[in-house]
Amino acid sequence: LSRSVLITGDGFDGQGHGLHVVAHSGGVGVVKYARVTKGGQHGLAGKYPLHFHMAGDCPGCQFVGNAIEESSQRGIIVHGTHRSLVSENVLYDIMGSYIYVEDGNELENVISYNVAICPIKNGCKVGGTDNNQADDLQQSGLWALSVSNDFIGNRLVNMYNGFFTQTSAFPHGRGAAAGRVCTMYAPFGKISGNVCHSNERFGFYLDNNFPRKLRRSVQSNGLLDPADFHAHVDGNPRTFSSCDAFTEAGE
């Protein structure tokens with residue numbers, strides 16, 4: 001957990017508000033081999049220790065080799081961002097989800113070889129955030145609404161759930177992606193070599209994932225065309241969406 005570069009601030013105030021670090025709305029964020037403490041602002045959306053926020057297609061975005069300790073709200077967040085790298089980070093003593101993939105439209109990010117440890121088994125739940133499922137009821141070391149990313153070699157220990165893709169809770173996405181994604185029907189990235197142990201409920205839980213050939217890409221910000229999504233939810237058997245089980249031709 002020690003690093004030669006320290007990002008920190010004053011102690012938390014009475015509401016659990018500390019510092020936050022964010023690469024915002026198209027900015028390219030790179031933080032490598034730093035230590036971040038006293039991070040997160042409990043109950044305030046978007047305030048986390050390390051956060052890619054709506055960066056879009058950002059292959060230069062990298063959180064690598066960092067140590068994050070003592071956070072009141074989550075650890076590393078990938079939100080509305082594609083093709084970033086989150087690798088070799090160590091996260092300890094954090095409230096809520098440790099690594100969090102937020103809205104369901106995130107594509108082709110690599111989340112690899114991170115270590116996330118809750119100091120007390122099932123002791124990292126926290127309520128009062130904008131997603132009680134991820135942070136409290138189903139608190140997870142790695143919580144992902146988009147499965148179309150690579151999750152490789154991560155270690156998730158002492159959580160309520162180790163690694164949870166909770167698509168059934170938000171089948172049409174969250175936030176800016178709401179009503180433009182079909183999270184349960186997204187194709188998988190590579191999921192390999194993850195180790196989940198000493199967790200209270202599940203280690204690795206794929207929740208209602210049925211991969212289909214969705215018409216979306218990094219260039220579309222991971223979003224479906226509105227007409228495509230509407231054809232999925234309109235209840236009309238004569239309209240067809242890429243989210244549906246069959247094409248108009250019956251394929």
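Predicted model: local features only at pLDDT ≥ 70, side-chain atom pairs only at ≥ 80, totals over all residues.

Student: Which residue does Trp143 form a stacked aromatic pair with?

Tutor: With Tyr100: the two ring centres are 5.1 Å apart and the planes are at 15°. Tyr100 is buried too, also with a relative accessible area of 0%.

Student: Where in the chain do Tyr100 and Trp143 lie?

Tutor: Tyr100 is in strand 11 (residues 99–101) and Trp143 is in strand 14 (residues 140–144). Those parts are 43 residues apart in sequence, so the pair ties them together.

Student: Which residues form the aromatic cluster with Tyr100?

Tutor: Trp143 and Phe170 form one cluster with Tyr100.

Student: And what lies over the face of Phe170?

Tutor: Arg174 does, at 4.9 Å from the ring centre. There is also Lys125, whose charged end sits over the ring of Tyr160, 3.7 Å from the centre of that ring.

Student: How many aromatic pairs are there?

Tutor: The count is seven. One of the pairs is the stacked one between Tyr100 and Trp143.

Student: Next pair, then. Why do Phe164 and Tyr205 count as stacked?

Tutor: Their planes are at 10°, and the cut-off for stacking is under 30 degrees. With ring centres 4.7 Å apart and that angle between the planes, the pair is stacked. Phe164 is in strand 17 (residues 161–166) and Tyr205 is in strand 20 (residues 204–207), so this pair links distant parts of the chain, 41 residues apart.

Student: Is Tyr205 buried or partly exposed?

Tutor: Partly exposed, at 25% relative accessibility. Phe164, at 3%, counts as buried.

Student: How many bridges join strand 17 to strand 20?

Tutor: Four, and the two strands run parallel. Gln166 stands opposite Asp207 in strand 20.

Student: What is the strand order in the open sheet?

Tutor: The order is 2-5-8-11-14-17-20, seven strands with parallel pairing. Strand 2 (22–24) and strand 20 are the edge strands, each pairing on one side only. From one strand to the next, the twist averages 15°.

Student: What holds strands together in general?

Tutor: Strands of a sheet pair through backbone hydrogen bonds, either parallel or antiparallel.

Student: Changing topic to the loops. Where is Asn105?

Tutor: Asn105 is in the loop between strand 11 and strand 12 (110–112). At 3% relative accessibility, Asn105 counts as buried.

Student: Which residues is Asn105 in contact with, leaving aside its neighbours within four places in sequence?

Tutor: Gly80, His82, Ser146, Ala177, Val181, Asn221, Gly222 and Leu223. As for Asn221, its backbone oxygen lies 2.9 Å from a polar atom of the Asn105 side chain.

Student: What else is in the loop between strand 11 and strand 12?

Tutor: Glu108 is found there. The phi of Glu108 is near 60°, a positive value in a residue other than glycine.

Student: And what about phi of Arg74?

Tutor: The phi of Arg74 is also a positive value near 60°, again in a residue other than glycine. Arg74 lies in the loop between strand 7 (67–71) and strand 8 (76–82).

Student: Is Arg74 buried or exposed?

Tutor: Buried, at 0% relative accessibility.

Definitions and conventions. Residues numbered from 1 in each chain as written. Heavy atoms only, no water. Phe/Tyr/Trp six-rings, centres within 6.5 Å; stacked < 30°, edge-to-face > 60°. Buried < 20%, exposed > 50% of the residue type's maximum accessible area, 1.4 Å probe, protein only. Lys NZ or Arg CZ within 6 Å of the ring centre and 35° of its normal. Polar contact = N/O pair within 3.5 Å; in protein donor to acceptor, adjacent residues only side chain to side chain. Contact = heavy atoms within 4.5 Å. Pairing = 2+ DSSP bridges. Axes fitted to C-alpha atoms, helices over the stretch in contact; angles between N-to-C directions.
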